[in-house]
Amino acid sequence: MVEDRKVLTKLNECIKENKSVAVVMIVDTGGSTPRGVGSLMLVDDKGNLLEGTIGGGILEEKAKSDAAKCIKEKKSVLLNYDLNSKSGNKDVLPMVCGGNAAVFIKVFTHRDRLVIAGAGHVSEKLSKLAKVLGYHITVIDDRRERLTSEIFPNVEDLILGNIPESLKSINIDGSTCVVIVTYGHKYDQDALEAVIKSNACYIGMIGSTNKVKTCFENMIAKGYTKEELSKVYTPIGIDLGGETPEEIALSIMAEIQALKHGKNVPHMKD
């Protein structure tokens, strides 16, 4: 059906844009219901209807609300709705249909995002590791010759421009990891200042102990607090040894994964 195709097309768009959504489908009915088996709708994480319908009214509003809750909890469920207002069921929906509907809510959660400031050799290797692990990747740099699809194949977003300003312009939420590996100490500090007050679940910055000390002293002099700086993982990565771009990238990605899964590891910052 045309309506189903619209739902699936919109779903595909949301997946490409890395948005969390849920498909709601009527999978079984009994008695009188607004719509039949196979009816679809697509709902976002705020409970907004993006496409399709399962009949409107109270049933649809309840299913939209439940879909938003499922997205938040990252789980798909099968729910049964009683539409008989005279049934005496305390969870009945006040409808006159008199039937019941089983609805399957299939959740499509967005992928964790990795934002890499800098398009150098470490960034190149890091993006490949992150891709294997399923991250949605953004790489930012102001060097056109480095920011290419040949160097960064399969990276979703390549942003060419001023690194700090570009960082400020993108949505950095609680599922975003930020790795700062630019080609200069000043650029690293500028990038850190752009994200230090964000909601990122991880902020890591490459650099030696002396570089980090100087950077933090500069930022404290500008009004940033020690508490804000304490959440920065720098020197970046865990202590695996090695100094090649591949080894540094592995160290960074291992640190991110350890934090994601709540594991204690020997951080370089410690």
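This is a predicted model: local features need pLDDT of at least 70, side-chain atom pairs count only at pLDDT 80 or more; totals for chains, interfaces and linings use all residues.

Student: Which residues of α6 are buried?

Tutor: The buried residues of α6 are Lys211, Val212, Cys215, Phe216 and Met219. They lie on the same side of α6, because they cover an arc of only 125° around the axis.

Student: And what does the face turned away from that buried side carry?

Tutor: That face of α6 carries the exposed residues Thr209, Asn210 and Ala221.

Student: What do the buried residues of α6 pack against?

Tutor: Their partners are α5 (185–195), β10 (202–205), α7 (226–230) and β11 (232–233).

Student: How many residues does α6 have, and what is its reach?

Tutor: Helix α6 runs over residues 209–221 and has 13 residues. From its first C-alpha to its last it reaches 18 Å, close to the 18 Å expected at 1.5 Å a residue. Just after α6, Gly223 has a positive phi of about 110°.

Student: Changing topic: at what angle do α3 and α8 pack?

Tutor: Helix α3 (residues 121–132) and helix α8 (residues 245–260) pack at about 50°, and their axes are 8 Å apart. Angles from 65 to 115 degrees count as roughly perpendicular and those under 35 as roughly parallel, so α3 is oblique to α8.

Student: Is that crossing left-handed or right-handed? And which residues make the contact?

Tutor: The crossing of α3 and α8 is right-handed. On the α3 side, the contact is made by His121, Val122, Lys125, Leu126, Leu129 and Ala130. Helix α8 contributes Pro245, Glu246, Ile248, Ala249, Leu250, Ile252 and Met253.

Student: Now the backbone. Is the peptide bond from Thr234 to Pro235 cis or trans?

Tutor: The bond is cis, with omega near -5°. Pro235 is in the loop between β11 and α8. Most peptide bonds are trans, and most residues other than glycine have a negative phi.

Student: Where is Asn18, and what is its phi?

Tutor: Asn18 sits in the loop between α1 (2–16) and β1 (21–30). Its phi is near 60°, a positive value in a residue other than glycine.

Student: What about the phi of Asn154?

Tutor: Asn154 also has a positive phi, near 65°, and is found in the loop between β7 (136–141) and β8 (157–160).

Student: Are these two buried or exposed?

Tutor: Asn18 is buried, with a relative accessible area of 14%. Asn154, at 59% relative accessibility, counts as exposed.

Technical notes:
Residues are numbered from 1 along each chain as its sequence is written. Side-chain values use heavy atoms; hydrogens and water are left out. Helices (H or I, at least four residues) and strands (E, at least two) are DSSP runs, numbered from the N terminus. The expected span of a helix is 1.5 Å times one less than its number of residues. Buried means under 20% relative accessible area, exposed over 50%, partly exposed in between (1.4 Å probe, protein chains only). The arc is that of the directions from the helix axis to the C-beta atoms. Contact means heavy atoms within 4.5 Å. Axes are lines fitted to C-alpha atoms, for helices over the stretch in contact, and angles run from 0 to 180 degrees between N-to-C directions. Angles under 35 degrees count as roughly parallel, over 145 as roughly antiparallel, 65 to 115 as roughly perpendicular and the rest as oblique. A crossing is left-handed if the near helix is turned anticlockwise from the far one by less than a right angle, and right-handed if clockwise.
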